[in-house]
Amino acid sequence: MPKKGRAQAITPAEFAVLESLCELGVGTVAAVHAALPAQRRVSYNTVLTQVRFLHAKGFLEREALGRAHLYRPKVSLDQARRKALTEFLGDYFGGDRDAMLALLREPSGS
């Protein structure tokens with residue numbers, strides 16, 4: 001569960017869906033599913049769930065089109081990345097960028 005008062009973070013799978021939708025500009029779940037790269041291909045129902053979560057989290061806008069819905073991004077990929085990094089920074093480094101950067105500068109395997 002997300003912390004109270006904080007928007008839910010985007011997951012890597014949701015980010016892949018957002019990325020495909022950003023490339024399309026606007027699309028249905030079927031169009032997003034078809035646009036996913038082969039290495040990210042999941043079932044239609046999984047994409048539908050991820051799109052619904054992205055909409056609930058405020059990353060997508062939705063417009064009814066008969067029985068289907070058209071989705072479009074409300075945020076850019078950079079905005080989504082920045083939000084994910086900000087949440088990561090807060091969760092794992094208490095918001096201290098210098099501590100995160102110091103860890104990244106350490107040789108791997110330390």
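User: What share of the contacts in the chain with a separation of 6 or more comes from residues 24 or more positions apart?

Analyst: Such residues account for 48% of them, a contact being heavy atoms within 4.5 Å. The model is predicted: local features need pLDDT of at least 70, side-chain atom pairs count only at pLDDT 80 or more, and totals for chains, interfaces and linings use all residues. Residues are numbered from 1 along each chain as its sequence is written, and side-chain values use heavy atoms, with hydrogens and water left out.

User: What makes a set of residues a nonpolar core?

Analyst: The set must hold buried Ala, Val, Leu, Ile, Met, Phe, Trp, Tyr and Cys residues joined through side-chain atoms within 4.5 Å. Buried means under 20% relative accessible area with a 1.4 Å probe, protein chains only. The largest such core has 17 residues, and Leu-18, Val-51, Leu-54 and Leu-60 have the most contacts inside it. At least two residues each come from α1 (12-24), α2 (29-35), α3 (44-56) and α4 (77-93).

User: Which residues does Leu-60 contact, leaving aside its neighbours within four places in sequence?

Analyst: Leu-18, Leu-21, Val-51 and Tyr-71 are among them, as are Arg-72 and Lys-74.

User: How many helices and strands are in the chain?

Analyst: Five helices and two strands, counted as DSSP runs (helices H or I, at least four residues; strands E, at least two). From the N terminus the order is α-α-α-β-β-α-α.

User: How much of the chain counts as buried?

Analyst: By the under 20% cut-off, 26% of the 110 residues count as buried.

Note on methods
Buried means under 20% relative accessible area, exposed over 50%, partly exposed in between (1.4 Å probe, protein chains only).
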